[in-house]
Amino acid sequence: MLNIKRPLSVVLAGALLFSVTACGGGQQADSASTGGTKTIKIANYFAESHSQNVALREKFKPLVEENTDLKVEIYPNNELGAEAQYTNGLRSGTVEMAVAGMGLQANAPKLGVVEWPFLFEDYDHAQKTLDGDLGDELGQEFKGQGVKLLGWTANGFRNVSSNRPVKSMEDFKGLRLRMPDLPLYIKTGESLGVSVQPMAISEIFTALEQGVIDGQENPYATVRASGWHEVQSHILESQHMFSPNAYLMNTAFWEGLTKEEQAAIQKAADEASDYQWDLSRKSVEEDKKFLQEHGVEITVPDEGFKKEMVEAVQPVYDELYAKHDWAKGFADRVKAAKE
């Protein structure tokens with residue numbers, strides 16, 4: 001479970017991150033080396049039991065440590081701060097590696113393409129797209145932000161969980177729904193008719209428990225691993241977005257490695273990525289069953305309701321196409337990757 005009931009740990013982690021940054025003057029921190037051994041600190045916001053951390057523990061860490069003299073340390077549950085904090089640390093060099101979402105789309109809008117609403121049909125479509133030319137092209141966008149893309153992983157299709165049933169477009173009205181503080185998400189939520197409440201993922205449990213929000217939207221695995229089923233009663237299997245994650249490494253740290261170390265890290269990332277995709281696929285039905293056994297009612301929308309949701313978010317695309325001359329072409333390429 002995410003360490004969302006212990007905000008003090010996040011505060012301490014943030015203080016530690018600030019201290020490291022201050023000591024390092026924005027450059028690669030001295031803490032990356034211990035007794036002459038370089039350490040790869042990997043930050044993420046997932047619970048320890050989530051497939052993202054399982055893949056890091058069972059594949060990435062042992063493969064890197066067996067084939068190099070590097071040490072790998074994994075920091076789940078926002079232990080190095082919330083995603084925005086550790087992503088900033090990644091770019092400045094105080095964090096060597098991270099499993100991150102597409103938060104950098106605020107600076108590089110093309111990175112948001114992979115989360116456009118109702119764009120991917122299934123896991124195979126998403127993986128084929130991200131592992132292909134379009135994924136490589138997005139890697140160049142990451143490079144422009146000071147980080148190297150090592151591989152893509154799957155967060156999964158996002159669904160709406162709430163403390164009341166959502167079985168029609170009418171039920172979205174007035175629903176106070178937590179979403180990430182990104183324009184794409186906010187616009188998508190507003191198009192569906194909800195009252196978007198941006199906040200950090202670490203704040204969700206308490207906000208749900210105290211009734212500050214009515215719901216949130218994330219994949220089944222995140223709902224289960226985060227324990228939100230304890231404070232939620234319903235899930236709409238909306239699958240309104242597919243959220244990938246990326247293995248990202250600080251560019252300066254990467255370039256400071258030997259060719260042999262780079263090759264070993266890339267091989268470990270490739271194997272961990274493939275493993276995580278498989279775990280994520282397999283966990284969907286298991287997580288649904290678990291949540292249902294713990295009292296959560298799951299609604300699968302019929303074709304009519306799904307069509308209404310797709311039509312409702314069309315203004316998101318209209319705005320993107322009007323704002324970016326590359327947007328329509330990118331969307332068409334993603335759709336064509338299914339064929």
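Buried, in this talk, means under 20% relative accessible area, exposed means over 50%, and partly exposed is in between, with a 1.4 Å probe and protein chains only. By that rule W326 and F330 are both buried.

Some background on the model. This is a predicted model, so local features need pLDDT of at least 70 and side-chain atom pairs count only at pLDDT 80 or more, while totals for chains, interfaces and linings use all residues. Residues are numbered from 1 along each chain as its sequence is written, and side-chain values use heavy atoms, with hydrogens and water left out.

Now the aromatic rings. Rings of Phe, Tyr and Trp (for Trp, the six-membered ring) pair if their centres lie within 6.5 Å; planes under 30 degrees apart are stacked, over 60 edge-to-face, and the rest tilted. Over the whole structure, 14 aromatic pairs are found. Take W326 and F330: their ring centres are 5.5 Å apart and the planes stand at 65°, so this pair is edge-to-face. W326 and F330 also belong to a cluster, linked by ring pairs, with W116, Y317 and Y321.

F330 has a charged neighbour as well. A charge sits over a ring if NZ of Lys or CZ of Arg is within 6 Å of the ring centre and within 35 degrees of the ring normal. The charged end of R333 is over the F330 ring, 5.2 Å from its centre. Elsewhere, R224 lies over the face of F290, 4.1 Å from the ring centre.

Next, the helices. Helices (H or I, at least four residues) and strands (E, at least two) are DSSP runs, numbered from the N terminus. In helix α7, residues 183–192, the buried residues are L184, Y185, T188, G189, S191 and L192. They cover an arc of only 160° around the axis, taking directions from the helix axis to the C-beta atoms, which puts them on the same side of α7. Just after α7 comes G193, with a positive phi of about 105°.

What happens to α11 at S283? The helix bends there by about 40°, the bend being the angle between axes fitted to the seven residues ending at a residue and the seven starting there. After α11 comes G295, with a positive phi near 90°.

Last, a loop. N77 is in the loop between β3 (71–75) and α3 (83–92), and N78 is placed in the loop between β3 and α3 too. Neither is a glycine, yet phi is positive, about 55° for N77 and near 60° for N78. Are they buried or exposed? N77 counts as buried at 10% relative accessibility, and N78 counts as buried at 3%.
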